[in-house]
Amino acid sequence: MLASDQGAILTGSVRLTRWTATGGDWVTKGVLPAAYARTGQCEDNVANICYLREQLFLNGKHLQRVASRDKVASGTFFGDYANNLVYVGDNPAGKSVEMSKTETAIESDASTVTVRGLTVEHFASAPQGGAVVLGPSWTVSANEIRWNHAIGAMLVNADRAVLEKNLIHHNGQLGAGQYSSVNATITSNEISSNNTDGFWIADWESGGIKTTWSTGGSVSRNLIKANKGVGLWSDAYDDGRTFANNEIVDNAADGVRYEIGRNGVVESNVVRGNGFGTGRGSGTSLWDGGGINVNTSANVRVRYNTVADNVNGISIQSRTRGDGPWGRNLLRDVIVTGNQVTMDRGTTSTGLVQNSGAAIPPGEVTLRGNTYLLDSLTANRFQKAGRWYTATQWRQAGYDTDSKFTTR
């Protein structure tokens, strides 16, 4: 067990103390590691600097990395790896300057480990790597995990692990991640304001929570708020995952994305105000996503959710995604039922889109028993394969024939 009742802080940073004024900036030397391989995809795909792991903190405030010395200004820093120099735009005299250096705070091959009551900060985790890495049957509870470069808490081969009641915020890439774990639980956490270091918002592994290659288990009762990316994302061969009773609000991309998986349940979540981020790959069409987005997955149930004020309502996407461990990746057997969906602004819609090589066969997507709150019953708020429909036309097309359509 690793625990503290006094809020002990684990920090991965070191103090930088030897500064010299130079040309309006301040510089220190000899503190950076050797250059390392680039991994991950950045929102700014020209500068491509999000993968660089070392962060700087001035009196505890996170400084924004810039791509060249001429861009250095107050609140920023530049790391010159070729010459092993660090420049800052604020006078460090009399102030604390810390640089994240250690890659991981807690990781072990042991099972049945408990981590409780700690603050974990300033670790220079590599993209897709966690500051805290959970293993089998671990319980990580009631910690604050903040201001680490990549992922706050990462479950890796963490069968039956529990990540619960943590405050996970302002990490550089993602709040929490999960890979190759069976029956793991992520519950009752507050996961907010992650992706501080500029990873691609619309379509790379950034934002709140992302799970991959995992079986069973659940993500439930979390507050997932104001992350620069997808709020809650299942991608790449999750099987039998349940996302339930989460509050997912104000995230820059989709609220929920269930992608290339099967046997998923998305139920009883509140999904509000998501998808309004701007930048590379963002947009307002159903191809760009929605409050809830089911993408090229099979046997998925979307039920009893409250979906309101998102860039779109519920987006069902059939894309050409090749083959995987279960054969051809196809959109099949998706049922959307019992949801309350508010669509009353902009181009917000609910419906189906498909690639030309991934047409959805009749009967594979069912919408029934939902309630839609609209600005007008004659507004075009529904789509199928690029065609817009009013509520009446949508019913005539065979969708939501027993659903309720009303105005706010």
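## The largest pocket

The largest pocket of this predicted model has a volume of about 310 Å³. It is lined by 23 residues, and those closest to its centre are Ala-202, Asp-203, Arg-257, Trp-287 and Asp-288. Two elements give two or more residues to this lining: strand S29 (256-259) and strand S32 (292-295). Sorted by class, the lining of the largest pocket contains seven nonpolar, nine polar and seven charged residues.

Rolling a probe the size of a water molecule over the atoms shows where empty space is left.

## The second largest pocket

The second largest pocket holds about 240 Å³ of space. Its lining is made up of 20 residues, of which Ile-49, Cys-50, Gln-64, Arg-65 and Asp-197 are the closest to the centre. By class, the lining of the second largest pocket divides into eight nonpolar, seven polar and five charged residues.

## Strand S29 and its partners

Strand S29 contributes to the lining of the largest pocket, and its side chains deserve a separate description. Val-256 and Tyr-258 point one way from S29, whereas Arg-257 and Glu-259 point the other way. All four of these residues are buried. Arg-257, one of the residues closest to the centre of the largest pocket, also lies over the face of Trp-233, at 4.4 Å from the ring centre.

Which strands are joined to S29 by four bridges? One is strand S26 (residues 230-235), which runs parallel to S29. Within this pairing, Leu-232 has Val-256 of S29 as its bridge partner. The other is S32, which is likewise joined to S29 by four bridges and runs parallel to it. Here the bridge partner of Tyr-258 is Val-294 in S32.

## An open sheet of five strands

Another part of the model forms an open sheet of five strands, in the order S4-S5-S10-S9-S8, with mixed pairing. The edge strands are strand S4 (20-22) and strand S8 (64-65), each of which pairs on one side only. Strands of a sheet pair through backbone hydrogen bonds, either parallel or antiparallel.

Within this sheet, how do strand S5 (residues 25-29) and strand S10 (residues 85-88) pair, in the parallel or the antiparallel sense? They pair in the antiparallel sense, over four bridges. Thr-28 stands opposite Val-86 in S10.

## Aromatic pairs

The structure holds 14 aromatic pairs. The rings of Phe-78 and Tyr-87 have their centres 6.2 Å apart and their planes at 20°; because planes under 30 degrees apart count as stacked, this pair is stacked. Both Phe-78 and Tyr-87 are buried. The rings of Tyr-372 and Phe-405 also form a stacked pair, with centres 5.2 Å apart and planes at 15°. A pair of aromatic rings is described by the distance of the centres and the angle of the planes.

Tyr-372 lies in strand S42 (residues 371-374) and Phe-405 in strand S45 (residues 404-407), so their pairing ties together parts that are 33 residues apart in sequence. Tyr-372 is buried, with a relative accessible area of 0%, and Phe-405 is buried with a value of 12%. Both rings belong to one aromatic cluster, formed by Tyr-372, Phe-382, Tyr-389, Trp-394, Tyr-399 and Phe-405.

Arg-53 lies over the face of Tyr-36, at 4.4 Å from the ring centre.

## Two loop residues

Where does Ala-397 lie? Ala-397 is in the loop between helix H1 (391-396) and S45.

Arg-345 is found in the loop between strand S39 (340-343) and strand S40 (350-354). With a relative accessible area of 43%, Arg-345 is partly exposed. The C-alpha atoms of Arg-345 and Ser-376 are separated by 10 Å, and the two residues are 31 residues apart along the chain.

Terms used:
Residues numbered from 1 in each chain as written. Predicted model: local features only at pLDDT ≥ 70, side-chain atom pairs only at ≥ 80, totals over all residues. Heavy atoms only, no water. 1 Å grid on protein atoms, 1.4 Å probe; cavity = no way out; pocket = protein on both sides within 12 Å on 5 of 7 lines; lining within 4 Å. Points joined across faces, edges and corners; volume = space filled by probe spheres on them. Nonpolar A, V, L, I, M, F, W, Y, C, P; charged D, E, K, R; others polar. Phe/Tyr/Trp six-rings, centres within 6.5 Å; stacked < 30°, edge-to-face > 60°. Buried < 20%, exposed > 50% of the residue type's maximum accessible area, 1.4 Å probe, protein only. Lys NZ or Arg CZ within 6 Å of the ring centre and 35° of its normal. Pairing = 2+ DSSP bridges.
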